[in-house]
Amino acid sequence: MPRLTALTLFAALALPLTGLAQAAELLDRVVAVANEDIVTANELSQRTEEIRQRYQGNPQVLPPDAQLQRQVLDSLILERLQLQLAGKMNLNITDSQVNDAINTMARQRNMTLDNFVAAVEASGESYDEVRRQVRRELTMNQVRRRYVGSEINVTDGEISRYLDTLAGQSMQDVKFELLYRRYELSERADAEAQLAELEVGAQLSANSGARNLGLRPVNELPSVFRTVVPVLALNEAVLIENGGALHLAQLIDKTDRQAVQVEQYQVRHILVQPNALLNADQAQALLESLRQRIANGESMASLADQFTDDLGTKGKGGALGWRQPEEFVPAFASQVRQMPLNEVSPVFESNFGYHILRVEDQRTTDVSLDVLRQQVRDSLMQRKYEEALQRWLVELRAQSFVEVRL
């Protein structure tokens with residue numbers, strides 16, 4: 001007699017009580033062991049079918065059945081191992097976090113929450129199961145961030161080097177205008193003579209065989225020039241042999257990166273948060289008294305260091321540095337925008353407590369390079385994270401007890 005697993009034994013014992021209708025559901029077997037947890041055949045079948053349903057309109061992208069089943073099983077094993085780590089870390093995803101994630105999913109589909117729930121149920125899925133899956137995904141994301149994300153760093157040097165690459169040049173939205181002339185290999189002497197003239201100030205436009213390629217982003221330039229043109233100076237020329245011909249190009253113009261002008265404010269503030277010893281009225285009264293002391297000539301910076309509850313600016317005289325209003329909560333941003341320079345605001349309330357603030361300078365500045373560098377930083381960070389995550393998942397599985405019983 002074959003040895004029965006615990007689940008099949010349970011199923012066999014339960015059969016007389018549950019009836020034949022439930023027999024198939026209960027008669028299950030273990031298809032993988034992941035440390036102290038298991039994956040069952042029913043679970044594997046259900047998850048595989050979910051994948052098939054998800055791609056039913058485009059089934060050709062799925063691998064053959066056996067390969068798909070093995071990939072899904074590997075995914076379930078890794079899911080088990082990550083959730084075990086979450087348990088050891090005492091990670092807890094709150095209902096509020098699950099609600100936020102589901103609301104985001106609904107907004108991304110241009111649906112209200114009610115419409116999203118109705119769509120889930122109309123598809124035959126259980127909304128409760130969707131919530132459980134969202135909770136599992138959030139839990140695993142937190143585990144991954146703690147184990148992998150904390151080790152990822154992108155340096156300023158890496159960002160600069162990326163911006164010098166072809167992909168980086170494309171991101172900068174710079175366009176290049178080239179004059180171009182093609183020579184046969186048998187015309188090499190003519191091509192080199194023309195290049196020599198261009199190097200001492202001649203214009204390729206004087207050559208009757210040349211043509212203007214117009215302003216183009218780097219990724220639309222002839223492929224032979226894409227890596228070299230971004231580093232050319234204006235009116236500099238290059239001669240390249242490629243594809244059985246000689247290609248001569250002269251850079252005659254290029255556009256600058258599009259400016260992104262923003263208003264920035266240099267702001268100082270004092271925050272007082274009501275607490276067990278200071279109610280809201282007393283917090284506001286304290287700020288009113290500080291406001292009067294500033295009006296009488298005392299240093300707002302000194303008073304901020306003494307009284308503010310903002311730990312980020314305490315010791316810095318309450319200075320927030322150059323900031324855009326969009327970086328602040330709405331109540332604070334509104335005060336920043338409306339206050340004349342160097343005047344202390346009335347006491348006002350924000351999500352963090354009660355404030356007074358003073359705008360000490362204002363400027364309009366181009367942040368296009370900052371925005372671009374942040375985009376590159378985010379992109380490189382994500383790439384590094386994905387690479388590190390794959391390595392970590394391989395290590396996690398290698399360090400665990402995993403037995404596949406397919």
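At what angle do helix H4 (residues 65-88) and H14 pack, and how far apart are their axes? The first view below gives the answer; the model shown in every view is predicted.

**View 1. Packing of helices H4 and H14.** Helix H4 (residues 65-88) packs against H14 at an angle of about 80°, and the two axes are 10 Å apart. Angles of 65 to 115 degrees count as roughly perpendicular, and H4 and H14 are therefore roughly perpendicular to each other. H4 contributes Arg70, Asp74, Ile77, Leu78, Leu81, Gln82 and Leu85 to the contact, while H14 contributes Trp392, Leu393, Leu396 and Arg397. Of the H14 residues, Trp392, Leu393 and Leu396 are listed among the buried ones.

**View 2. Packing of helices H7 and H14.** The axis of helix H7 (residues 127-147) comes within 11 Å of the axis of H14, and the two cross at roughly 100°. On the H7 side the contact is made by Val143, Arg144, Arg145 and Tyr147; on the H14 side it is made by Tyr385, Leu389 and Trp392.

**View 3. Helix H14 along its length.** Helix H14 covers residues 368-398, and its end C-alpha atoms are 45 Å apart. This agrees with the 45 Å that its 31 residues should span at 1.5 Å a residue. The buried residues of H14 are Ser368, Leu372, Val376, Leu380, Tyr385, Ala388, Leu389, Trp392, Leu393 and Leu396. An α-helix has 3.6 residues a turn, so residues three or four places apart point the same way.

View 4. Four strands, in the order E4-E3-E6-E5, form an open sheet with antiparallel pairing. E4 and strand E5 (237-242) are the edge strands, each pairing on one side only. On average, neighbouring strands of this sheet are turned by 30° against each other, direction ignored. Helix H10 packs on the sheet and touches E3, E5 and E6; the direction of H10 makes about 160° with that of E5.

View 5. In strand E3 (residues 175-184), seven of the 10 residues are buried, and the strand is mostly covered. E3 pairs with E4 in the antiparallel sense over five bridges, and tyrosine 180 has arginine 211 of E4 as its bridge partner. E3 also pairs with strand E6 (residues 245-254), again in the antiparallel sense, over nine bridges. There, leucine 179 has glutamine 250 of E6 as its bridge partner. Glutamine 250 is also the bridge partner of alanine 237, in a model where E5 and E6 pair in the antiparallel sense over six bridges.

View 6. Asparagine 207 lies in the loop between helix H10 (188-199) and strand E4 (211-217). Its relative accessibility is 13%, and asparagine 207 therefore counts as buried, the cut-off being under 20%. A polar atom of the asparagine 207 side chain lies 2.8 Å from the backbone nitrogen of glycine 209. Leaving aside neighbours within four places in sequence, asparagine 207 is in contact with Arg181, Tyr183 and Gln194.

**View 7. Strand E10 and its partners E7 and E9.** Strand E7 (residues 261-272) pairs with strand E10 (residues 353-366) in the antiparallel sense over 12 bridges. Histidine 269 has leucine 357 of E10 as its bridge partner. Strand E9 (residues 348-350) also runs antiparallel to E10, and three bridges join the two. Glutamate 349 stands opposite tyrosine 354 in E10. E9 and E10 form a hairpin, with two residues between them.

**View 8. Two asparagines with positive phi.** Asparagine 35 is placed in the loop between strand E1 (30-34) and strand E2 (37-40). Its phi is near 55°, a positive value in a residue other than glycine. At 26% relative accessibility, asparagine 35 counts as partly exposed. Asparagine 342 is placed in the loop between helix H13 (330-338) and E9. Phi of asparagine 342 is near 65°, also a positive value in a residue other than glycine.

Technical notes. Residues numbered from 1 in each chain as written. Predicted model: local features only at pLDDT ≥ 70, side-chain atom pairs only at ≥ 80, totals over all residues. Heavy atoms only, no water. Buried < 20%, exposed > 50% of the residue type's maximum accessible area, 1.4 Å probe, protein only. Polar contact = N/O pair within 3.5 Å; in protein donor to acceptor, adjacent residues only side chain to side chain. Contact = heavy atoms within 4.5 Å. Pairing = 2+ DSSP bridges. Axes fitted to C-alpha atoms, helices over the stretch in contact; angles between N-to-C directions. Expected span 1.5 Å × (residues − 1). Parallel < 35°, antiparallel > 145°, perpendicular 65-115°, else oblique.
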